[in-house]
Amino acid sequence: MKFKAPIATVFAIAAGFIVLIGYFVETPILLAVRTALLQWGILLAATAMLVGIGSLLGAHWEKVRTGAKGSPYSALLILAFFGTFLLGIYDYIQGTWGVAEKSWLQWIFNYVQYPVQTSLMAVLAVALAYAAIRMLRTRPDLPAIIFLGTALLVLAGSAPLMGIRIPILSDTLYPWITHFLALAGARGILLGIALGTLATGLRVLAGIDRPYGG
Amino acid sequence: MTITSLSGLGIVALFLLLMLLFAFTGQKKSRLPLRPIPAFKRLWRTIGLAVEDGTRLHLSVGRGAVNAPESASAFVGLRMVQRIMRTVSISDRHPIVTSGDGALNILSRDTLQASYKAMGQAGQYRPSAGRLTGPTPFSFASGVMSVIADEEVSANVLIGHFGPEVALILEAGDRKNNLTLAGSDHLPGQAVLYAAAQEPLIGEEVYAGGAYLQAGNAHTASLQAQDVLRWLVILVILGGAVLHFLGLGNLIPIG
């Protein structure tokens, strides 16, 4: 047990360096090792999702068991999970025997998940509008005013009310903002993010940051 | 090996060299002060208040997959969890770490367990403190909303990959009068954070968390290397633009 963390670190650093070098130096051996490591990574990530779902159910079961605040919702989540799981198995058996008339999982997606997510998207629009108004109240500085003004201009330029295109806004100002200002700004931020990602990646590779094995 | 891959390798090697250089010089003499980022200053104050009040801190590392580039911001989030845990260990209510990816959930639980162990409080660790709240963007957001609403949270630190759905999380925090410090590597997510978070972290500020939370010499060194490389990139872009303007664009070997 004492050697657990150093061994994990050595494996992680070696795997990281092989994948990194494989991006730049294209030799058949490196490519084969890199591909194998990435495939293992994908498999492990999928397995980790199962563990994560177990943890999600565990946390909600704990809430139901202790009668904590919001426990009825937790019970509903557990019921919905097992209901969907059983329907998935039923679908699979029907599919294997070739007697599938309709997919219950698809039905759940179409009539439960999709409407719920669409409703949340609608709530998100309201939450964003409210956040924009609140920002003017809490942070009434020049960048906030420019941010909101630009958002309103782009909104009016891209989705004009009643289908009426506003002459200068829709034809000149909106394309100029989105193609030049926004694109240049986005590229600048993305460059910063790329450098930050590189810095974090190198720290993990060097074993300075160890998000694994403690 | 093409010129593009060679230049990529060169940038990685240069970054590594700069990091080593700043790490060694930083140990010998006093460092240049870091640019003040108000969000981090306020974070320390809020952590202190949460410990005094006996309320809970909620940390979220987002929903980025660990086998994708967005894992970098999540790793910064995990490092911040580790650092913050050292400060809040004396609190009555232990922090909750949420995530929207299975592997991130395992890593966050591992980080929490290791932090408790390092502080000699291994018995305090509860696996339920590291939670996967949902595997899709909206299920993740609604799960986090219920954590904020039900778990007596007083402050939220969101560092990782968050899309526009983060507005719902911020709204939940605002309803509970929580302070929310948030940073994302996702561009639309950043725009939302700018409008809705009390303390947004924009662009590469997300990756500076380690250095600002004094996570170690290497973090400050990597931040300084990042700054030097950013100026180099700016100079290269400006140089390229000038060459194109002068009609000498074909002198640039990459493209």
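**Figure 1. The contact between chain A and chain B.** The contact takes 49 residues from chain A and 59 residues from chain B, two residues being in contact if their C-beta atoms, placed from the backbone, lie within 7 Å. This is a predicted model, in which local features need pLDDT of at least 70 and side-chain atom pairs count only at pLDDT 80 or more, while totals for chains, interfaces and linings use all residues. Residues are numbered from 1 along each chain as its sequence is written, and chains are lettered from A and ligands numbered from 1 in the order in which they are written. On the side of chain A that touches chain B, the elements giving two or more residues are α2 (28-66), α4 and α6 (167-205) of chain A. The largest share of that side, 15 residues, comes from α6(A). By class, the side has 33 nonpolar, 12 polar and four charged residues. Here Ala, Val, Leu, Ile, Met, Phe, Trp, Tyr, Cys and Pro count as nonpolar, Asp, Glu, Lys and Arg as charged, and the others, Gly among them, as polar.

**Figure 2. Helix α4 of chain A against helix α7 of chain B.** The axes of α4(A) (residues 104-138) and α7(B) (residues 187-196) come within 8 Å and cross at roughly 50°. The two helices are therefore oblique to each other. Leu128(A), Ala131(A), Ala132(A) and Met135(A) in α4(A) meet Val192(B), Ala195(B) and Ala196(B) in α7(B). The residues of this contact divide into seven nonpolar, no polar and no charged.

**Figure 3. Helix α5 of chain B and its surroundings.** Helix α5(B) (residues 137-150) has 14 residues and reaches 20 Å from its first C-alpha to its last, close to the 20 Å expected at 1.5 Å a residue. The helix is mostly covered, with 10 of its 14 residues buried; a residue is buried if 20 or more other C-beta atoms lie within 10 Å of its own. Among the buried residues are Phe138(B), Phe140(B), Val144(B) and Ile148(B). The buried residues pack against α4 of chain A together with β1 (56-62), β2 (96-99), β4 (153-161) and α6 (166-175) of chain B. Just after α5(B), Glu152(B) takes a positive phi of about 50°.

**Figure 4. Chain A as a whole.** Chain A has six helices and zero strands. The radius of gyration of chain A is 26 Å, well over the 17 Å that the globule rule gives for 214 residues, so it is more spread out than a compact globule. Buried residues make up 14% of the 214 residues in chain A.

Technical notes: Axes fitted to C-alpha atoms, helices over the stretch in contact; angles between N-to-C directions. Helix = DSSP H or I, 4+ residues; strand = E, 2+ residues; numbered from the N terminus. Parallel < 35°, antiparallel > 145°, perpendicular 65-115°, else oblique. Rg over C-alpha atoms; globule rule 2.2 N^0.38 Å. Buried ≥ 20, exposed ≤ 12 C-beta atoms within 10 Å, placed from the backbone. Expected span 1.5 Å × (residues − 1).
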